[in-house]
Amino acid sequence: MTNDDAPVRFDTKIGVLLRTDLAGWQRLNVTAFLVSGLGTVRPEVIGEPYADADDTPYLPMFRQPVLVFEGGKELLTGAHERAVARALPCSVFTADLFATGNDRDNRAAVRAVSRGQLDLVGLAVYGPRNAVDKVFKGAHMHG
C-alpha cells in the first residue's frame, strides 16, 4: 500500500448531537442547518470540488464524515456546556427555530434566551477528536 492508498484518519471531528424526541423531518432539517456554517468559519473542513466523468462540476463537500449522535435533553444541555467551556466552534438549534421562517428571526429567537435557558434540540461541534468525544460523552450514534 502506498501513502496515497493509506486510510485517511482525521485529527478533528465534526459531530452533531440531536435530541431524541425530534420527528424524522426535524432531524434532517436540524442537521443540515447545524453544519451549514462550519465551512465559512473553518475553511479547512471543505474538500475539493467534484466532477463526474463528463466534467459536470459539483460543489465541494466536507473533507471528512459528519458523525450524528442522539441523546436526551439533559445530555444535550451538558454537551453544550462542555463545548462552550472548551471554546469549541459550535452551532445551536433551539425548539423556537421551528416556528420562525427566516435567518433574521432565527437569530432573534436565539438572542432572546440566555445560554443556560436555551431549549436545545441540536448542537454541532468541530474540534480535535478527543475534545469532541468528551463533549458528546454519553451520546450514542444516531440510528
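Student: How many helices and strands are there in the protein?

Tutor: There are 5 helices and 7 strands, counting DSSP runs of H or I with at least four residues as helices and runs of E with at least two as strands, numbered from the N terminus. From the N terminus on, they run β-α-α-β-β-β-α-β-α-β-α-β. Keep in mind that this is a predicted model, in which local features need pLDDT of at least 70, side-chain atom pairs count only at pLDDT 80 or more, and totals for chains, interfaces and linings use all residues. Residues are numbered from 1 along each chain as its sequence is written, and side-chain values use heavy atoms, leaving out hydrogens and water.

Student: What makes S1 and S4 a pair of strands?

Tutor: Two strands pair if DSSP finds at least two bridges between them. Strand S1 (residues 12–19) and strand S4 (residues 66–71) have 6 bridges in the parallel sense, so they meet that rule. Leucine 17, for instance, has phenylalanine 69 in S4 as its bridge partner, and leucine 18 stands opposite glutamate 70 in S4.

Student: Why are S5 and S7 called edge strands?

Tutor: The open sheet of 5 strands has the order S5-S6-S1-S4-S7, with mixed pairing. S5 and S7 each pair on one side only, and that makes them the edge strands. Helix H3 (residues 73–85) packs on this sheet, touching S1, S4, S5 and S6, where contact means heavy atoms within 4.5 Å.

Student: Why is the pair of tryptophan 25 and phenylalanine 98 called edge-to-face?

Tutor: Rings of Phe, Tyr and Trp (its six-membered ring) pair if their centres lie within 6.5 Å; planes under 30 degrees apart count as stacked, over 60 as edge-to-face and the rest as tilted. By this rule there are 4 aromatic pairs. The rings of tryptophan 25 and phenylalanine 98 have centres 5.8 Å apart and planes at 70°, so the pair is edge-to-face. Tryptophan 25 lies in helix H1 and phenylalanine 98 in the loop between S5 and H4, so the pair ties together parts that are 73 residues apart in sequence.

Student: What are the overall dimensions of the box that the C-alpha atoms fill?

Tutor: Taken along the principal axes, that box is roughly 50 × 35 × 30 Å.

Technical notes:
Axes are lines fitted to C-alpha atoms, for helices over the stretch in contact, and angles run from 0 to 180 degrees between N-to-C directions.
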